Amino acid sequence: MLQAILDLMWQSSYGTLTIDAICERAGVKKGCYYFFKSKSEHVTEAILDG
């Protein structure tokens, strides 16, 4: 999922990034997103790990 975030951010921007797009790109159900408190926390994790 973290790679999906990075890929989507390179294609557009943080402002256009949606939870639905992240989950679709990663091929996961939306419920898995709830391990993170917010979109910004999830993006930060992707950047730090990527």
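Read along the sequence, the protein chain runs α-α-α, and its secondary structure comes to 3 helices and 0 strands. Here helices (H or I, at least four residues) and strands (E, at least two) are DSSP runs, numbered from the N terminus. It's a predicted model, where local features need pLDDT of at least 70 and side-chain atom pairs count only at pLDDT 80 or more, while totals for chains, interfaces and linings use all residues. Residues are numbered from 1 along each chain as its sequence is written, and side-chain values use heavy atoms, leaving out hydrogens and water.

Now for some totals on the protein chain. The accessible areas come from the Shrake-Rupley method with a 1.4 Å probe, and for residues only the protein chains shown count as cover.

| Protein chain | Value |
|---|---|
| Accessible surface | about 3,500 Å² |
| Share of that surface on carbon and sulfur atoms | 57% |
| Buried share of the 50 residues | 22% |

Buried means under 20% relative accessible area, exposed over 50%, and partly exposed in between (1.4 Å probe, protein chains only). As for contacts (heavy atoms within 4.5 Å), take those with a separation of 6 or more: 46% of them join residues 24 or more positions apart.

On to helix 1 (residues 2-11), whose buried residues are Ala4, Ile5, Leu6 and Leu8. These buried residues pack against helix 2 and helix 3 (39-49).

Helix 2 (residues 19-26) is where Asp20 sits. Asp20 is partly exposed, because its relative accessible area is 45%. Asp20 and Lys30 lie 10 residues apart in sequence, with 6.9 Å between them in space, C-alpha to C-alpha.
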